[in-house]
Every structure is written in C-alpha cells, then in structure tokens.
4 protein chains.
Amino acid sequence: MSSPALGVAVIGYSFMGQAHSHGWRNVNAVFDTPAVDMRVLVGRNAEAVQASARRYGWAESSTDWRATVAREDIDIVDICTPGALHAEIALFALAHGKHVLVEKPLANTMEEAADMAAAAQRAEAAKVVSMVGFNYRRLPALALARELVAGGRLGELRQLNIRYYQDWLVDEQAPMSWRLRKDEAGSGALGDLGSHAVDQVRFLTGAEVASVSGTSRTFVQRRPGAAGEEEVSVDDAIWATLQLDNGAVASVEATRMATGRKNALRIELYGSRGSLAFDLESMNQLQVCDLEAPTGAQGFTSILVTEPQHPYLEGWWPTGHVLGWADTFIHELRDFLLAIDGGSAASPSFADGLEVQRVLAAIEDSAAVGGAPVVVHHTDAHEAPVASR
Amino acid sequence: MSSPALGVAVIGYSFMGQAHSHGWRNVNAVFDTPAVDMRVLVGRNAEAVQASARRYGWAESSTDWRATVAREDIDIVDICTPGALHAEIALFALAHGKHVLVEKPLANTMEEAADMAAAAQRAEAAKVVSMVGFNYRRLPALALARELVAGGRLGELRQLNIRYYQDWLVDEQAPMSWRLRKDEAGSGALGDLGSHAVDQVRFLTGAEVASVSGTSRTFVQRRPGAAGEEEVSVDDAIWATLQLDNGAVASVEATRMATGRKNALRIELYGSRGSLAFDLESMNQLQVCDLEAPTGAQGFTSILVTEPQHPYLEGWWPTGHVLGWADTFIHELRDFLLAIDGGSAASPSFADGLEVQRVLAAIEDSAAVGGAPVVVHHTDAHEAPVASR
Amino acid sequence: MSSPALGVAVIGYSFMGQAHSHGWRNVNAVFDTPAVDMRVLVGRNAEAVQASARRYGWAESSTDWRATVAREDIDIVDICTPGALHAEIALFALAHGKHVLVEKPLANTMEEAADMAAAAQRAEAAKVVSMVGFNYRRLPALALARELVAGGRLGELRQLNIRYYQDWLVDEQAPMSWRLRKDEAGSGALGDLGSHAVDQVRFLTGAEVASVSGTSRTFVQRRPGAAGEEEVSVDDAIWATLQLDNGAVASVEATRMATGRKNALRIELYGSRGSLAFDLESMNQLQVCDLEAPTGAQGFTSILVTEPQHPYLEGWWPTGHVLGWADTFIHELRDFLLAIDGGSAASPSFADGLEVQRVLAAIEDSAAVGGAPVVVHHTDAHEAPVASR
Amino acid sequence: MSSPALGVAVIGYSFMGQAHSHGWRNVNAVFDTPAVDMRVLVGRNAEAVQASARRYGWAESSTDWRATVAREDIDIVDICTPGALHAEIALFALAHGKHVLVEKPLANTMEEAADMAAAAQRAEAAKVVSMVGFNYRRLPALALARELVAGGRLGELRQLNIRYYQDWLVDEQAPMSWRLRKDEAGSGALGDLGSHAVDQVRFLTGAEVASVSGTSRTFVQRRPGAAGEEEVSVDDAIWATLQLDNGAVASVEATRMATGRKNALRIELYGSRGSLAFDLESMNQLQVCDLEAPTGAQGFTSILVTEPQHPYLEGWWPTGHVLGWADTFIHELRDFLLAIDGGSAASPSFADGLEVQRVLAAIEDSAAVGGAPVVVHHTDAHEAPVASR
C-alpha cells in the first residue's frame, strides 16, 4: 500500500457510472487492495458530468474521453458508456497501456467484441489487465455456489434453470427509449438480462455452450415516442434451451414483462449429488440441497451468506449483517485491482465477454427460424444439430 | 339424495386406485352430490385386490373387469390402470352406457385417444358422462387462479412458466421399471409430469397451443434391471416453448431429476394487469400480484386458499385448516358426480385429454429434430412455423 | 384383523364431530390397526344428527348419549361435545368399561379434570384405554421434531417460542357467541389455542412447567349479541413466559386477533446444538438447523415431511404428496387403536390433559396480578418465585 | 451546497466507527444534504486509529478526543465509543456547540442519559442538533411501516411481537469479553438488542410504554476468560410484555442464543384493519396484510421496498436493486444533516434515548422479582400495576 495510488477514470456517469463510482469510493475501505485515486469522471454534458463528479467523489470531470484516457496519471479506464462506444474506447485505452474494465455486455456486435478480445490478449503480455463487468459473479451467494459446484458438491451437473425477470415494460404506455431500438441497444431483454444469465451458465458450470434453441417475442410492438407512436425493434422476452459440452442442459429465460418481479435473477442447478437455488431479490441467501445429508433430513438449507469464510466477506461486517446490490461493484473492483497487483489475468476476460455474445447471437439466430437448433461449439459429446454459427 | 346410490367400480388398485378410493370414500361426507356406493374394486391379482378392497372400503373385489363393468348395479367406471388399457376399458364401458372417469393421461397413443374422444362425444347424447382425471385442476389454489384469469384480473396474458420437478430418478442406481420403457409407458417425464403442465396451460388460460419447440434428454441411459443392465427408452426431462393462440408464450419443463424437489409443480402466469405464482409443495397458497393495488404497495400477496368462498371449500373446515394432496380426488369426484346429476358434460373431457396428447406428441416431434418448431393448431395470430403435426 | 371390528360412538357432531368422523372413516384405509365399525353418532337435535350421521358415514344416530354409551356393541366412546360435558360423559363411559377419547381441552375446570384423570388411571388396570385429543402431536412435522429433540439433536434446550395466531375476532362487529362467555367456554384464546401451545411445550421437550408469568387482554369488550350488546367475559389474547424444569424458558402467545393469520401455530425451539421452526399454515414442512453441519454451510433446512421414514407416513402416498389438517385425526385414531390393541396406555393421557390445565390456570392466576410469578411445580433447579398454585 | 462543508469527527473506530465511516463516506453521493468533510477519526491506539483513518477515508487521526472536539473546524461529533464514555463526550461536545450523534444505547445509566437529554434540550435553543443512532429506524421497510401505521392503515393497533434473535453466544466455549461483564456493558441482550426492539415499539406505534412485566436468563453462567473461567454477569436473553398507553400490548424478546438466527430482528404488528411483518435478515421486504382488500384475496403482500416513492429510496438505484445493512447509516446521516440544515430537531432525540432506557430498566426491575409488573408511565387507560419506576 506504500506504492502510489492508481489513477482512475470512469467514462460514463449515468446508472452504471454511478454504480461503479460507488465501487471506487468504497473499495479501499473494505478490502486490502492497491490504493486508488478517483481522478476523472467523463461525460458528454459538461455541466451534468461536473455535478455528478462532485457528487460521487471524483476530483475532476471532463468531456474529452480521449484526452483523459491518454493522461499519464490515469492508470485505469472504466468504461460505463452505452455499448456502441465500448470497442472504440477500450481499444484506445489498451493501446495506451491502460488497464481496462468494460461494463457488460462487452460490445454491441460480434465483430467489435472479437477485436476487443484480441487486443486484450495482446495487451496481457505487457501485464495490462482487462475485464468485463459481469457483477453478479461477485455476489457472495453465487461465488459460493461456484465454489460448491467446482468442489464437486453437486456431483454431475444435469439441469440448470436460469430466469432473469423484470417488469418495467409491462405497461403498454411506458414510453419509447433508446433501449427499445435495435440500432442503439443491439437487443432487448436478450442482451440486457440474458447476457447475465448466459454468463452465469458459464461461470457456475465451467462448461461451454454447445448449441442452443431459442425463441423471442415482442409483446408490445408500438410505444409512445417523443414524435408519436414508434415501433419497438427489440425483444421483450426470450427463451432458450442450451446444450452444454459437459452434458447438462440449461433453460434460460429473460423478460422485462414479468409483472411484479422487480429484479429477479433466479438460478437453480441440479446435479446428481445436490442442488442449488438463488434469487437476486434475496441476494444474501443461497439454498443448498445436499444428498450427503441423512435420508429424512434432506431438503434445501437456506444459508445466509454473511460468514467470514464466505467469498468477499473478509472485509465486511459481522455475520448476519447483509449486503446490498451495489456492493457487488466493490467486490468486482477488488478482484480487478488484485489482478493488476498480481500482474495476472482478470476474470471474466474480454474473451469471456465474446463467448457470451456468441451464445446470444446463436439464440437470436435460432429464434429467427422458430427454434431450430444452432451450433455454438462443435462437440463430440452430442449429436450435431442442423445449423451452426 | 333420495334417489338410489350410484354404483361405482374402480379398475386398478395401486397408487391411483388407492387415491381414487380415498375420493370415493369421502366425497359424500364433504360435498352435496349424488350418493355413491363403493361396489367393486378390480385387479389382476385376486388375493391382493381382495385385501385392497377390504382396506379401502369396497364391498367386493373382482379380477374380471369386463364382467364388472357390465353389471347392472355399476353406474360408474373409474379407470386407474396403466395407460395401455385405458382405451379398451373406456370404450367397453361407454358402449355399456356407463359413466367413465379415466385417470390421466387419456391414453398411450393419439389413435386410442381419438377413438375415446369420439366415443365419449357419441355417448354424451345419452347423458353418459366421461371425464379425464387431471386432478390438479381441483386444487383450490389453481381453481382460484383460473377464476382470476377468466375474470380478467391479470389483463392480457403474456408469459407462463410451468415446471413440474420431481427427483426420484436422480440416483443412477435407481432400478429399471415399466415406467422407463417406451413400449409400456409411452414416454417419461413428458407424459407423466408434462401432461399435467400442458393441461394447466390450457386450463388456466383457456387458450390452445398453436405451436411448440421442444427438447428432451435422458441423463441416465442405462439402469440396473432384473436381468442385468437395461436401456432406458424414455426421457428423464423435457423442455418446451409453447406459442398459444391468444398470443402468450408458455415455457414448460418437466423432469424426474430435480434433486431435492419432491413434487414441485410450479406455475407462474404474467399478464398486463397482474400475475400469479403457485407451488404444489405449498398447495394451499396462491401468490397474487395485482397492479390495481396502489403503487408502492404492490407485490405478491400470499393467499391461504381456505376461505369459504374459495373453490371447493364449501364442504370443508373453517378458514386456515389446510387440505392435502389426496383431497383433490374428492373434489374431482364432486365435479364428476355433479355433472352426472345435471346430465351435463364434465370437464376436462376426453377431447381435452386428446388435446393434451396432441401437444405432447408435438413436443416429442420437435425434440427429435433439435427444437425446430412444430405446429399444433394453425392460427392467424402468428406466422406459421415450418413443420406441423 | 380377524377379530370383530370395534364399535365406535362419537358424541357431538359439529366441527370436532365432523373432524373425528373423518378420522374414523379413513383410519382403516391408511393404517394397519384394529378394524372399526362406525356405529352411532350422538347429538341433541334428532334431525340434524341424523343428517350428519348419514353424511359422515355412521350407521345410526341417537340423541341419548347414556343409552348409546351403555350399548354392548359400543367399545369406544369419542367425546366431541363442548367442554362442560366432557367429565360427565367420560366418567360414565369409563365406568362402563369403554375406551374413551376426549377432545381437548380435557375439561372446563381443574376439579373435573382431576376426577377424569383419576378415573382413567383406575380404568387402566382393566386395560381400558383413555386419551385426550391434542391432534397436533400427530402432525408428522411435529412428531419428527419430537424425535429430533428426544434424540439429542438439539443439544441442551434453551428457548422455545410458541405462538398460536388466529384472526376470527378481529372485526369488532363479529357477533357474541358461547365461545366468548366465561361460564360456557372457561376461557378464550387461553383454553382454545393456548392449550395446544402448552401441550406442545410438554410434548416437544418432555419437561414440566415449573412456574409462569402471564398476561391477558380483551381488546373488544362488548360485542353485538342476539339481545343487544353483550359483554365479552373471556380473553382475546394471552402471553406467558414459562420456566421449565429442565432449565429452558418458553414464550407462549395465543390470540384470535392476529389479523391475517388464519391458523398459525408457530413453534421455534433453540438448543445448544441445533434448532427447529414450524408453522401450521405450512404443516408439511419442518425447518431444522443443525450445528453438526460444516461451518459456512449451516442454516435452516426445509424438510418436506413426506418421506416413508417420517412419522405417520408409512400408510400414505409417495414422497412429496402432502397431507392436510384433517389427516391428523386419522393419525390420532391410529395411535389410539394401537394402544387399545396392545392393551397399553395411550398418550397424551388424561393426566397430561390435567397437567396442561394446571399450567393454563397458573397463567390466568398470574395475569390477574399483572404478571407476578405463579409456581406450577416446585423444582430445585431454580429459585422459587413468590406465588404458587 | 455552496456553503462550506461541515467538518466531522468520529470518536471510536471499531465496529460502529467503521459503520459510521461508511455512512459519512457515502452520504453526499446518495442524498442532497449539506456537504461534509471527513476530518478526524479518534481512538486510543495511535497506530491502529491511523491505519483505520486511512482505510476508511478520514483526513486525519487523533488519540485526543477533547482536543479534536474542541477544534474550530469540527462541526459534528459522532460518538461510537463503548457506552461508558457516551455521556462525558456528548456533554463536552454540546458544551462546545457541536452537533452530536451518539450511537445507541444513549448511555449505560439512567442518570447519564438524563443529563444528556437535558443538555441536548438546552443546546437546541442554539440550533445545536443532537440525535441517538437507532439505525433501524432508517430501514426503508420499517420507515414504510411507520408511514402505514401513522396513516391509519392498520386501524387500531392491538398486538406487537418484536423479537431480536442472534446466536453468537450459543457455544458454551465462546470466550468471555467486556460485553459479558455488567460493569462494562450495563446489560447483555437487553441493552444490545432489546434497546432496538423497544425503540421500534415507540417508533412504529408513536405510543409510550405504560408498564412492563419482564424475565431474564443467563443460560451459560461461566465462560473461559483470559485468566481462567469467569462469571457472566449479564443476561443471555430477556422476555417482556409491554402495556402501551394506546391500549396495545407488545411482546418483546431478545437473545444471543437463538441457534441459526444471525441477525433476525423480526417485527409483527397487528391492528384492527391490517397487519405488518418484517425480518431484518430479509431487510428489503415488508409484509403487509390489508383488510381493505376484497375478501378471498386477502393475505400478506410482500413488498420489495425499493420503489422511488419508498422512504430513503430517492437517492438510490432503480426499483429492485436491494440495499444492505450498512446503508442504514447513510440514511441516518442524511436525516441528521437535514436536521442540521433546517435548524430543526432530529429524531430520535436524546429524550427518546432516555425513554428507551427507562423501559429497559423497568424490564430489569420486573425480571428481578419474577415478572411482577413495573410501571413506566402512569396512564388513565389501564389499571395501575403494583410497582413503579
């Protein structure tokens, strides 16, 4: 901790910029990591970004991301812009030797994502660290889930059910926004929520997706816009069945029309020796069923994941004092800073981000033909379906 | 109640025969229906069926179903045999003018089911009543759910998620049985559990399935049999996405490999004005989210479905005294007897049973080609997928 | 089972008469017990009791309990009348050598209860069996709880929290009834609900109550009666702290004013090695926390108490098929019949019923003086409080 | 916000010092309040407090609380020391015209608490703001509960059940500490957990405690200390029944022996028109039962208290993104700063803190005589019990 603090710039200051600022402001208070200095918050509107910078604890604000990224006192670039800008900024920052954190999803197109993954891999040689911000990997309950699976506690994995339900589009009069236009948002629930689900499939199982069958639907096809009714060009909901290369099957569902579900990422894993269940709305709990328990005493045990030995809890409060959603960003930055400190690769990498997008694209392709299967990775384990990406 | 009691014969005395006997033994004590007389229990093993008959409260037992069905003092034939015998017995009974209740699924093949539906329709002219025993329609919570949907409380239905999870096949050493052979059982989780799920889709929504995309998997492909290892020829689990003719999409999943889930039929419905959630393991509760509630006070209300005004509760205990799984059979017989009394059609009819099997067959067909869509009913509402049944 | 069926008469045909009839009608179908014959249902209104008898499956009805009890073909007398009649009928039946089951609470006064306990003890010499009907001892989840405690799985018991919440008196306009008059009902929530709570304290722990501190309250003191407003002379709610002779402390609360709680008997036990939680509204589940589980994996395990090895499940359905409230009466009769068959004492005995009433009386006494302690049983384990009963 | 930032000093840097630092570090980023400057963290161990200051974001550290409090650039003094120091520091700070926040409980003795309340009242004239830190008033779910009660949504309040369960003393070998010595800690679960419970009784109902009946128990009376076995001189658990001056009765229980309950402050309120339930382990949810809902649709609604219109949510994330335990301190400081800004009284005041201690003392007094009642405030509403404090 005696080395000089790492200079940080965050690009983007709306929802994700605010959440990441929460992380930067608190990470050194909670965890033993390299010290950071919150130097610059960058945005397009000078006045607004200045106000946000002051509020969130940044020393300066700027409207020029290139100049900021190039500054000598900036070591870390944290990209929280809309997806369309991710690639350009990340490539520029990597080229300048800066450590880069990109909010998920990695990019809007497969091409951009592939370029970014390649650049990140090249930069790794110079100990330049890059990471994509799937923050739910940093939920203590899901990190514990990953430990249990990796430790073999579930036996052979067979079935996953992952559903990410929100409801902010239920009202047909909810107005048009950039998130509902394909050219700006890339997709709807698929990229926004489905990307988390697919990332969890890979994170929790350590397996790759071999092939998918997908469905998508836009329930409300026209919404009121600033200039009258406008067509919604992204999905409201998607469904997919994923064949994994370890023989398991994952059912994935993502929707913004699930009336009454505010932020319900619900995950269930079933294996030959045990199973797990999780709901983001009760994020401090993990349900574990263990077939090693005596017959007659088996069932789902609700673990309050706040013990000192649970993942990420070492810096926090005594047992039973629960964490909140935004704390996942503190955990994410802890891992990112420790990777920088160790000169090691961070996870999930840009290559992981690319892999998630490959699966999302396959779901889209399959949905376009009514659910016919699309190959993501060829595998010997199962017979080849008919199409491939 | 002054008319002579209706004579009943049940064919089959294992699990379902026992459950139906529970219904017959109690229906007159709980509900105002025509009186019944438990006359004959029929089975193949004379000694065993005699013991069961005595135990369950039947006046007599028999090993000859034809002779029993033909008896003048038998008014009602209740078929609880394995599926392969359903058609023969039901057609014989209808031909003899007997009211017929058939345990689900209606039959093992589409052809048999179609014959039965046709015969039932012909018999209706003579006020001969037939019904298929999807007992979960008689759960008070799901009957209440149906009322809420039909009354428009959920607005426009958009998404259903129906999963039927059991775990009795998790152990790879669980032995081979007739339920795991395609020639005897027809299918695995699909027909056993998926049939309930599909019946609920139709019951709760009142809509028909337009097309499906399906997946199936047998995780444990060989199991120990009496004469050494044997191949499992049915599915362990199935997944399907159903497009309904009212524009909604239903995700259906059925498995006997969901470690820790003993009998978890879990149903969620999402509409534009409200939503519902149910779990058979907590069968007396229905979760209801109603957007008519004031903002800030919305959420899922857990209704304990034991009030006098709730479906089927009129004959039971004071509020708060919960019912059990087997009580659904008492409710089923109530409805069957009231239909007989009124000379009216019972629901679900054999035609409903046929319809469920049409959907199951489409799921199988789709699964055989990796999830490519299969049409069940042509509809104008949505573009036609590529295959059809 | 080849011996002649035991002849049964039930005295009383309202709520409890109906519930016990459910038990008698089904006990032989579920369990291997001596066979029973449902001979006579007794009540004061000839027409009404005749209709009930026919409905519930009794061969005859009668308005003369003495003549019925004295009949030679009556072996078992099951008393479901209001409490004021319990003693007279039970003493008469015991004097005639009949096995006697009395619905809880045992009697309305300590004196009657003591007489009954003495008579029952005398009758025991002639293998005449008597039992009091605390049916919640027969909930599989609570019977399992008792097994766990008795097996030492909770270590040293320290705290119990038992609350029985109902809400049928919330409405101030709910009419006056006999249950709200002290001379008829003895007490309010205390005897009605608190008796179950106190019985569970003794059943689950195997300990006796040493002393109590109690509070009671009547929130709605006047209610509309047939002849205008009338004074409520029983409690609406009671609270008590019980010192047990094993060193544990039990907090007991009973109320009929707990808005939204329909039949919520909620029980929690905390010991040095584990703990338990139960709610009657979810009666098939028992929550168990076991400190033998590895640190980091501890929590409350939700056991669905429907496995073949769970108490009372041997005669029921496959795992996961849940039971209902009324099934506890089938279990109660199973135990009663097995005691008769074995010529052994049944539990809970009349002496147990007397003991419960001793505790209830002490709570009343303490409440009358604002909570000052009242001794129930002198014990060396704790310093003596100031009053005694 | 253009006025100079308020200078803050926190005295104490262990658990509560860390939690309050979390609040100070984040309050300006979340809420529109006067700006603060984290100037000095004070503690006895120079090295340790310096390390903590750097970690938690303080500009300086000090071992001299008097000098620090007296500094001109310190406007706010936040006292997080053990209770024995509260009075001295607070009186000194108020005398110097500083705004004072004191962590709960207000003091270790009634005398100190009374002095502090008097001093705070005097200081109020000079717009010097003081507040006691019962942070659970700032849980959005409980603040919403208070709004619902105050708005009459529960009708006439009748019963409260408040239990604060932890389990960190279950193990008999858990070592002796200052928290288990009466001279240092004042009391055990009573002051530590019971104080929160009593504060909630007053906060949620707006009523005062008229009288109490209490019980206390030390289950493990000797524990291993540094110098061999030592006697535990505080309670492990307490139980109390509180008569409120609005006619309601509150049952209060606090324990550190509730195996498996990590931080379970569980609150239930029952009124004539509705009821509420809350559990701190699921702190983002409030269960509300509203009798205004149609019959048959009533039950407990689980509100996820993360909507923009819910208390304290205006500065946070979109709906469904849950908060954590430590965020209550951010809310607490928001309210404190807004009171300073408005020159108005903060709540809960030192007088509130004094009132809580009066109730705790009465519980202790009653427990000492086996539960006999102790008057806290004379009231006309109910007959006077026998003792008074």
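The contact between chain C and chain B takes 27 residues from chain C and 27 residues from chain B. This is a predicted model. On the side of chain C that touches chain B, two elements give two or more residues: helix 1 (15-30) and helix 2 (46-56) of chain C. Helix 1 of chain C gives the most to that side, with 5 residues. By class, the side of chain C that touches chain B has 11 nonpolar, 11 polar and 5 charged residues.

How are the two chains placed relative to each other? Two copies of a chain are related by a rotation about an axis and a shift along it. Chain C can be laid on chain B by a turn of 180 degrees and a shift of 0.0 Å along the axis, with an RMSD of 0.0 Å. That is the relation of a two-fold axis. The C-alpha of C:G324 is the one in chain C nearest the axis, 1.9 Å from it. The same surface serves both copies, as 100% of the contact residues of chain C recur in chain B.

Chain B also touches chain A. This contact takes 36 residues from chain A and 36 residues from chain B. Here the elements named are strands: strand 7 (157-165), strand 8 (209-217), strand 11 (237-244), strand 12 (249-255), strand 13 (264-271) and strand 14 (274-279) of chain A each supply at least two residues of the side that touches chain B. Strand 12 of chain A gives the most, with 4 residues. By class, the side of chain A that touches chain B has 15 nonpolar, 17 polar and 4 charged residues.

Chain A can be laid on chain B with an RMSD of 0.0 Å by a turn of 180 degrees and a shift of 0.0 Å along the axis. Of the residues of chain A, A:A372 comes closest to the rotation axis, with its C-alpha at 1.9 Å. Again the same surface serves both copies, and 100% of the contact residues of chain A recur in chain B.

The two sides, by class of residue, are set out below.

Within chain A, an open sheet of 6 strands has the order 3-2-1-4-5-6, with parallel pairing. Strand 3 (60-62) and strand 6 (130-133) of chain A stand at the edges and have a single partner strand each, so one side of each is left without a neighbour in the sheet. From one strand to the next, the twist averages 20 degrees. Strand 4 (residues 76-79) and strand 5 (residues 99-103) of chain A run parallel and are joined by 4 bridges. A:I76 stands opposite A:H99 in strand 5 of chain A. Helix 1 (residues 15-30) of chain A lies across strand 1 (6-11), strand 2 (36-42), strand 4 and strand 5 of chain A, and runs at about 165 degrees to strand 2 of chain A.

In chain C, helix 9 (residues 327-342) has 16 residues and reaches 23 Å from its first C-alpha to its last, close to the 22 Å expected at 1.5 Å a residue. Its buried residues include C:D327, C:F329, C:L333, C:F336, C:L337 and C:I340. What do the buried residues of helix 9 of chain C pack against? They pack against helix 1, strand 2 (36-42), strand 5 (99-103) and strand 6 (130-133) of chain C. Helix 9 of chain C is followed by C:G343, whose phi is positive, near 65 degrees.

Notes: Residues numbered from 1 in each chain as written. Chains lettered and ligands numbered in written order. Predicted model: local features only at pLDDT ≥ 70, side-chain atom pairs only at ≥ 80, totals over all residues. Contact = placed C-beta atoms within 7 Å. Nonpolar A, V, L, I, M, F, W, Y, C, P; charged D, E, K, R; others polar. Least-squares fit on C-alpha atoms with pLDDT ≥ 70 in both. Pairing = 2+ DSSP bridges. Axes fitted to C-alpha atoms, helices over the stretch in contact; angles between N-to-C directions. Expected span 1.5 Å × (residues − 1). Buried ≥ 20, exposed ≤ 12 C-beta atoms within 10 Å, placed from the backbone.
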